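Please open the structure in your viewer and keep the selection tool at hand.

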Amino acid sequence: MNVLVSSQKRPKSLTDHVTDEIRRWVITGKLAFGEKLSEGKIAKALDVSRTPVREAINRLETERLLTVEPQRGSFVFSIEKSDLAKLCDARICMEAYALEAGIAENPEQLHHSLTTCLAEMSFAREAVDDALYLDLDADFHQRIVRSANNPFITDAYQTIAPRMAALRHRLGQHPDHMAKSYREHQSLCAAVGNRDLTGALKILAAHIDRKEGNYWRILATDVP
């Protein structure tokens, strides 16, 4: 009996639930960049006391989705264009390293993983489910990072992943970007399947890069 109980997944606490909800509000844009949070309104919306809300805010501050300013309150993160450029640079460095390692060490597994995710992305596009597509977009890139089998790179990537997800979801209103993004994911997956490292890295850079990528040009118009 004890073995069975210990093998079960620990149920979510109330703080876990509140944290997940607020995180989702930030990522999907329900809470705007720089918006001040009201603990009372959040507690009422989620039918909880203020205690788990405060604990959730503390957790999300460590994820850098929220900032807490003494005497002023808690705010959704905001990002300057110069910081966005640096964020994209960091992302390229980590994903390019992971992509090279994944193609070198286990290209078949990486290709299978990306193909599986791409199939789910295709389904999301056919269903016109932009939110699901954008979640899968994030998952696609997480798969690349995990393919390096380097826990230090994976951990480092997680420090920017929540903010990247929030930025990515704000592209949902741009259908041209969505279509271009999907084509680039297809091309990247094909390059991995062909073990074409040079081609794959070129596609990845164009997909992310702040200087030439559509991703940067659109986000730069949306960030205050």
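**First stop: helix α3**

Begin by selecting I42, A43 and L46, which are the buried residues of α3. An α-helix has 3.6 residues a turn, so residues three or four places apart point the same way. Please note that this is a predicted model.

Next, select K41, K44 and A45. These exposed residues are carried by the face of α3 that is turned away from its buried side. To see what the buried side meets, display α2 and α4 as well: the buried residues of α3 pack against both of these helices.

The positive value occurs although D47 is not a glycine. D47 is placed in the loop between α3 (39-46) and α4 (50-62). Is D47 buried or exposed? With a relative accessibility of 71%, D47 counts as exposed, because the cut-off for that class is over 50%.

Within α4, highlight the buried residues P52, V53, A56, I57 and L60. Because they cover an arc of only 145° around the axis, they are placed on the same side of α4. The partners to display here are α2, α3, β1 and β2, against which the buried residues of α4 pack. To leave the helix, select R64, which follows α4 and has a positive phi, near 65°.

Now select Q71, in the loop between β1 (66-69) and β2 (73-76). Q71 has a positive phi of about 70°, although it is not a glycine. At 84% relative accessibility, Q71 counts as exposed.

The largest pocket contains about 210 Å³ of space. Of the 14 residues that line it, select those closest to its centre: I27, A138, Q142, A161 and A165. Then colour α2 (14-28), α7 (130-146) and α9 (161-169), each of which supplies at least two residues of the lining of the largest pocket. Colouring by residue class divides this lining into 7 nonpolar, 2 polar and 5 charged residues.

**Last stop: the second largest pocket**

What is the volume of the second largest pocket? The value is about 170 Å³. To show its lining, select A101, G102, E105, N106, Q109, L110, S113, R143, R146, S147 and N149. Two or more residues of this lining come from each of α5 (81-105), α6 (107-126) and α7. By class, the lining of the second largest pocket comprises 2 nonpolar, 6 polar and 3 charged residues.

Definitions and conventions: Residues numbered from 1 in each chain as written. Predicted model: local features only at pLDDT ≥ 70, side-chain atom pairs only at ≥ 80, totals over all residues. Heavy atoms only, no water. Helix = DSSP H or I, 4+ residues; strand = E, 2+ residues; numbered from the N terminus. Buried < 20%, exposed > 50% of the residue type's maximum accessible area, 1.4 Å probe, protein only. 1 Å grid on protein atoms, 1.4 Å probe; cavity = no way out; pocket = protein on both sides within 12 Å on 5 of 7 lines; lining within 4 Å. Points joined across faces, edges and corners; volume = space filled by probe spheres on them. Nonpolar A, V, L, I, M, F, W, Y, C, P; charged D, E, K, R; others polar. Contact = heavy atoms within 4.5 Å. Arc of directions from axis to C-beta.
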